[in-house]
Amino acid sequence: ACVQDLKGKRILISAGGTREPIDPVRYIGNRSSGKMGYALAEEAAKRGAVVTLISGQTALTASSRIDVIKVETAKQMQDHIEEKFADSEIIIMAAAVADYCVEEVASQKIKKSAKTLTITLKKNPDILLNLGQKKTKDQFLVGFAAETQKLLAFAKEKLERKNLDMIIANDVSKKNAGFNTDTNIVKIITRDKSVEDVPMMKKTALASIILDRIKSLYNSET
Ligand code: PMT
C-alpha cells in the first residue's frame with residue numbers, strides 16, 4: 001500500500017484538451033491525451049486525496065475512486081472548475097485549454113464552396129488567471145506552461161501574472177515530452193523563482209514528484 005500522505009486533501013485537477021465546435025460535425029482541438037492530468041489524479045487518489053478531475057477530451061478512464069466530470073469546451077471546463085474551486089485546497093491545471101473559440105458556431109454543417117474559408121475566433125476565458133485572482137491563502141494553485149520557445153521566461157511570466165504557487169514548465173517541442181507521450185521532461189518553478197530540473201521520466205513518476213513538491217510547500221506556506 002501507498003503512503004496516505006494526502007489523506008482527505010481536496011484536490012481539483014484538470015486534464016485533456018478542450019474542443020471548440022465549428023459546426024455540428026467539426027471542432028478545433030489540440031494534441032493533449034490527458035495522460036499528465038490523469039497521472040496526477042491517480043497518484044493523488046492513491047495517496048488518500050479526495051480528487052475531482054475535470055476532464056476534456058481523452059481516451060483514458062479514471063479509477064472509480066476519482067470523481068470525473070467530462071467537459072467539451074473551455075467554457076464548460078471553466079463552469080465546473082469554478083463550481084468546485086472554493087471547496088478545493090489544491091488546484092492543478094494540467095488541461096490544454098483552447099485560448100480561442102469560434103465566434104459564431106454554425107447550426108448546420110458548413111458546405112464546401114469557396115476556395116478559402118475564414119472562421120473568426122474570439123478569446124476564451126483564461127480559467128487559471130481567474131482562479132489566481134480568487135485564490136485564498138489556504139489554497140495552493142498550480143499551472144502548467146506548454147511552450148515551444150523561451151521556456152523559463154514564458155513560464156515565470158505565467159507564474160507571476162496568474163498568481164500561481166507553482167508552475168510546471170513543459171518544453172513541448174522536445175522528443176518524449178509534452179503532448180500525447182507516456183513520458184515528460186519539465187522544470188518545476190515555485191514562487192521564490194527556484195527552478196528544479198526534472199529529467200525525462202514516465203508521467204506517472206513525474207506526477208508523484210509534483211505532488212511531493214506541492215505537499216511540502218503547502219504544509220509550509222498555509
Ligand atoms: O495531456 P497530455 O497528452 O499528457 O499532455 C500534457 C500537456 C502537454 C497538455 C501538459 O503537460 C501541459 O503542459 N498542460 C498545459 C497546456 C496549456 O494549455 O498550457 P498553456 O501554457 O497554454 O497555459 C498555461 C496554463 O493556463 C495551463 O495550466 C492551462 O491549463 C491554463 N489555461 C490556459 C488557457 C486558458 N484559456 N485557460 C487556462 O486555464
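Modeller: Let us begin with contacts: two residues are in contact if their C-beta atoms, placed from the backbone, lie within 7 Å. In the protein chain, 62% of the contacts between residues at least 6 apart in sequence join residues at least 24 apart. The model is a predicted one, in which local features require pLDDT of at least 70 and side-chain atom pairs count only at pLDDT 80 or more, whereas totals for chains, interfaces and linings use all residues. Residue numbers start from 1 along each chain, following its sequence as written.

Biologist: How many helices and strands does the protein chain have?

Modeller: Helices (H or I, at least four residues) and strands (E, at least two) are DSSP runs, numbered from the N terminus. By that rule the protein chain has 5 helices and 12 strands. Its radius of gyration, taken over C-alpha atoms, is 18 Å, close to the 17 Å of the globule rule (2.2 Å times the number of residues to the power 0.38) for 222 residues, so the chain is as compact as a globular protein of that length. Along the principal axes, its C-alpha atoms fill a box of roughly 60 × 35 × 35 Å.

Biologist: What percentage of the residues of the protein chain count as buried?

Modeller: The criterion counts C-beta atoms placed from the backbone: with 20 or more others within 10 Å of its own a residue is buried, with 12 or fewer it is exposed, and in between it is partly exposed. Of the 222 residues, 42% count as buried. Ile 69, in strand S5 (residues 67-70), is partly exposed because 16 other C-beta atoms lie within 10 Å.

Biologist: Which residues have the most contacts inside the largest nonpolar core?

Modeller: A nonpolar core is a set of buried Ala, Val, Leu, Ile, Met, Phe, Trp, Tyr and Cys residues joined through C-beta atoms within 7 Å. The largest one has 59 residues, and Ile 13, Leu 40, Ala 41, Val 142 and Ile 167 have the most contacts inside it. H1 gives the most to this core, with 7 residues. Leaving aside neighbours within four places in sequence, Val 142 is in contact with several residues, among them Ile 91, Met 93, Leu 164 and Ile 214.

Biologist: How should I read a helix with a buried side?

Modeller: An α-helix has 3.6 residues a turn, so residues three or four places apart point the same way. In H4 (151-161), Leu 151, Ala 155, Lys 158 and Leu 159 are buried. They are on the same side of H4 because they cover an arc (that of the directions from the helix axis to the C-beta atoms) of only 100 degrees. Ala 153 and Arg 161 are exposed on the other side of H4. The buried residues of H4 pack against S9, S10 and S11.

Biologist: Which residues of H3 are buried, and what covers them?

Modeller: Ile 127, Leu 128, Leu 131 and Gly 132 are buried in H3. Their arc around the axis is only 135 degrees, which puts them on the same side of H3. The face turned away from that buried side carries the exposed residues Gln 133 and Lys 134. The cover over the buried residues of H3 includes helix H2 (74-85), strand S6 (90-93) and S9.

Biologist: How many residues surround the ligand?

Modeller: A residue is near a molecule or strand if its C-beta atom, placed from the backbone, lies within 6 Å of it. Here 27 residues surround the ligand, the closest being Ser 33, Lys 35, Ile 127, Leu 128 and Phe 144. Helix H1 (35-46), helix H3 (127-134) and strand S9 (140-147) each supply at least two residues of this shell, and S9 gives the most, with 4 residues. By class, the shell has 14 nonpolar residues (Ala, Val, Leu, Ile, Met, Phe, Trp, Tyr, Cys and Pro), 4 charged (Asp, Glu, Lys and Arg) and 9 polar (the others, Gly among them).

Biologist: Where does Lys 150 lie, and what is its phi?

Modeller: Lys 150 is in the loop between S9 and helix H4. Its phi is near 45 degrees, a positive value in a residue other than glycine. Lys 150 counts as exposed because it has 11 C-beta neighbours inside 10 Å. Lys 193, in the loop between strand S11 (183-190) and strand S12 (195-202), has a positive phi near 70 degrees. Just after H4, Asn 163 takes a positive phi of about 55 degrees.
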